[in-house]
Every structure is written in C-alpha cells, then in structure tokens.
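Subject: Structure handover

Hi,

Here is the structure I promised to pass on. Have a look at it first, and my notes follow below.

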Amino acid sequence: MAQGARRALDERLDQRGEKALKKRDVQKFQKLLLAQREQVLGHSKRPLSEEIQVDPDDFPDEIDIASSEVNLQFAGRLREREQGLLAKINTALEKIERGEYGACISCGEEIGVKRLKARPVAELCIDCKSEQEKLERRTG
Ligand SMILES: [Zn+2]
C-alpha cells in the first residue's frame, strides 16, 4: 500500500476510534487464536459418551431415557458450535499466514484492533456487520 493511502486509512480508522492492525498485533492475535483452538480441540478430543455418561442401563424408566436424549441433543449442539468456532479460528489463522488477517471480507477495509480484540475471528468490519445484522433482521 502506498504511504499516502496508508495514512489516509489510519486517519479514517482514528475517526472511528479504531487503530489499524500492526504486525505486532497480528502476532498477538495469532497466539490468541492458537490458544483458543487448543482449548476447543482439548475439549473435543473426549468422546461424546464420556462427557455426558449416558448408559441406557442406568435409565430404566422412560422419563430418564427421555432426559438422557435431551442431554445427547444438547451435547450435539454444543459440538456443532465448537466445530463452527474451530472453522472460524482456522480461517483466521490461514488469513494470518497469507497476510490477509484483519481485512473485512465484505468491503476490504481494516476491521480494527478494538473489534478484533473482542472477537479475534471477526471477518467483517463493524460497519458491514451492522449492515448484515440489519439485513438479517429484515429477512429473518
Ligand atoms: Zn466492511
């Protein structure tokens, strides 16, 4: 990026109370994301049955079987959310390696350190995100 364009971008970000992402910041986010991935993976390594301990013999009557099914469904949903988060973490880490981390996937502008600190896997800048949410409220 040309020096002048870079300065203009910094000024725009300053107006939003955001700072452009520095190389040092990217390294920090990389560490954060790697730690977050470890956390998710560490949790997912255990088999599903170990987490909730469902043994049909322990639940002889129907009510208990029903509640154990609910538990299973709940654990499944949790697992889905973990998988979703894991995919986002991996995408963010790939972007760091390609040097694309911190850029909004919609408008291409920098997402900003403040927003990334709150949500390191963020792919949209705050402007595009609120646009998307407005759209979702309209359609959903
Ligand atoms: Zn954007």
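Let's start with the contacts: among those in the protein chain with a separation of 6 or more, 54% join residues 24 or more positions apart. Two residues count as in contact if their C-beta atoms, placed from the backbone, lie within 7 Å.

Before you go further, note that this is a predicted model: local features need pLDDT of at least 70, side-chain atom pairs count only at pLDDT 80 or more, and totals for chains, interfaces and linings use all residues. Residue numbers run from 1 along each chain as its sequence is written.

On confidence, pLDDT is the predictor's own score for each residue, from 0 to 100. The chain has a mean pLDDT of 80, with 69% of its residues at 70 or more.

The chain has six helices and zero strands. Both are DSSP runs numbered from the N terminus (helices: H or I, at least four residues; strands: E, at least two).

How much of the chain is buried? Buried residues make up 11% of the 140. The cut-offs go by other C-beta atoms within 10 Å of a residue's own, with C-beta atoms placed from the backbone: 20 or more is buried, 12 or fewer is exposed, and in between is partly exposed.

The largest nonpolar core has nine residues: Phe29, Leu33, Ile89, Ala92, Tyr101, Ile111, Leu116, Val121 and Cys125. Helix H2 (23–44) and helix H4 (62–98) are the elements that give two or more residues to this core. The core lies between domain 1 (1–21 + 102–140) and domain 2 (40–101), because both give residues to it. By nonpolar core I mean buried Ala, Val, Leu, Ile, Met, Phe, Trp, Tyr and Cys residues joined through C-beta atoms within 7 Å; the domain bounds come from an automatic or database assignment.

Leaving out residues up to four places away in sequence, Leu116 touches Phe29, Gly102, Ile111 and Ala122. By the same rule, Val26 touches Leu21, Ile96, Tyr101 and Gly102. Val26 sits in helix H2 and is partly exposed, with 17 other C-beta atoms within 10 Å.

Last, helix H6 (residues 126–139): zero of its 14 residues are buried, so it lies largely in the open.

Cheers
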